[in-house]
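Please look over the sequence and the model shown here before reading on. The briefing that follows takes up helices, a charged pair and the surface in turn.

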Amino acid sequence: MNIKRFIPNALTLLNLLSGLLALISVFNGFYDHAFLFVCLGIFFDFWDGFLARKLNVPSELGLQLDSLADMVTSGVVPGLMVFKLFENIQLNNPNFMLTEETFYMGFVPYLGFLITLASCYRLANFNIDTRQTDSFIGLPTPANALLIMSIPMIEYVDAYPWLTGMLDNPYILLAVTIVSTYLLNAEISLFSLKFKKFNWENAKLQIVFLLYSILLLSILNFVAIPIIIFSYIIVSVFLNKLSKK
């Protein structure tokens, strides 16, 4: 029995377990725990693919398991998170509470699941899109999950009250939902964040971006996460334009 081929799949299943624990945390209102579990799932998601390549045991089963696990951790969890954020606004913000006249606005929280639907479509498309072997087309679901899960963490820390106030506005949250849904399947080529080889020659872009991200996180805390995500998109677009010249 070749035990090596089970190692990447075991990590993928740990990604799925992390996603399930994140779901329970969101349901119970422990958004900080949910954020940590999503980060843990993304950590496992990074290493399962790397070890599959390193151990030379890639498989079709591993590919399908990876997408199914990501669907939970990076698809269902952020969709549910936005649902709960909308719901909390309607329950706690006097300006947006449901009344007999505005009961129909009770459907708004369900718009958060547009992210889940877009994530599902992206993951299925990723498995059959031959263009995405060395780069991504559209925002990867783990990056999008981090973007969404950073919202309650920014509100929790409340280092910038004006930003917290913005995020507590359902119109802003709806705009974030629409942008997130679009970016997941946008025809934008983004460089891969995964290391295929740990050396400067093959991973200098990823290494520089990683150092940039660590620096921002050390300065801005959770506010750095959306800045990092949009920096990733901007850098990718800039590199695409350079390559076409």
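A residue is called buried when its relative accessible area is under 20%, exposed when it is over 50%, and partly exposed in between, with a 1.4 Å probe and protein chains only as cover. Helices are DSSP runs of H or I with at least four residues, numbered from the N terminus. By these terms, α5 is mostly covered, since 13 of its 17 residues are buried. This is a predicted model, in which local features need pLDDT of at least 70 and side-chain atom pairs count only at pLDDT 80 or more, whereas totals for chains, interfaces and linings use all residues. Residues are numbered from 1 along each chain as its sequence is written, and side-chain values use heavy atoms, with hydrogens and water left out.

**Helix α5**
- Helix α5 covers residues 141–157 and reaches 25 Å from its first C-alpha to its last, close to the 24 Å expected at 1.5 Å a residue, the expected span being 1.5 Å times one less than the number of residues.
- At Ser-150, shortly before the proline Pro-152, α5 has a kink of about 30 degrees, where the bend is the angle between axes fitted to the seven residues ending at a residue and the seven starting there.

**Helix α3 and its charged pair**
- The end C-alpha atoms of α3 are 47 Å apart, which agrees with the 48 Å that its 33 residues should span at 1.5 Å a residue, and α3 bends by about 35 degrees at Met-71.
- The structure holds one salt bridge, a term for a side-chain nitrogen of Lys or Arg within 4 Å of a carboxyl oxygen of Asp or Glu.
- Lys-84 forms a salt bridge with Glu-87, and the closest N and O atoms are 3.4 Å apart.
- Because Lys-84 and Glu-87 are three residues apart in helix α3, about one helical turn separates them.
- Lys-84 is buried at a relative accessible area of 15%, whereas Glu-87 is partly exposed at 25%.

**Ser-25 in helix α1**
- Ser-25 lies in helix α1 (residues 6–27) and counts as buried, with 6% relative accessibility.
- Leaving aside residues up to four places away in sequence, Ser-25 touches Phe-30, Tyr-31, His-33, Ala-34 and Phe-37, contact meaning heavy atoms within 4.5 Å.

**Loop residue Phe-107**
- Phe-107 lies in the loop between α3 (60–92) and α4 (113–128), and Phe-107 is partly exposed, with a relative accessible area of 44%.

Terms used. Helix = DSSP H or I, 4+ residues; strand = E, 2+ residues; numbered from the N terminus.
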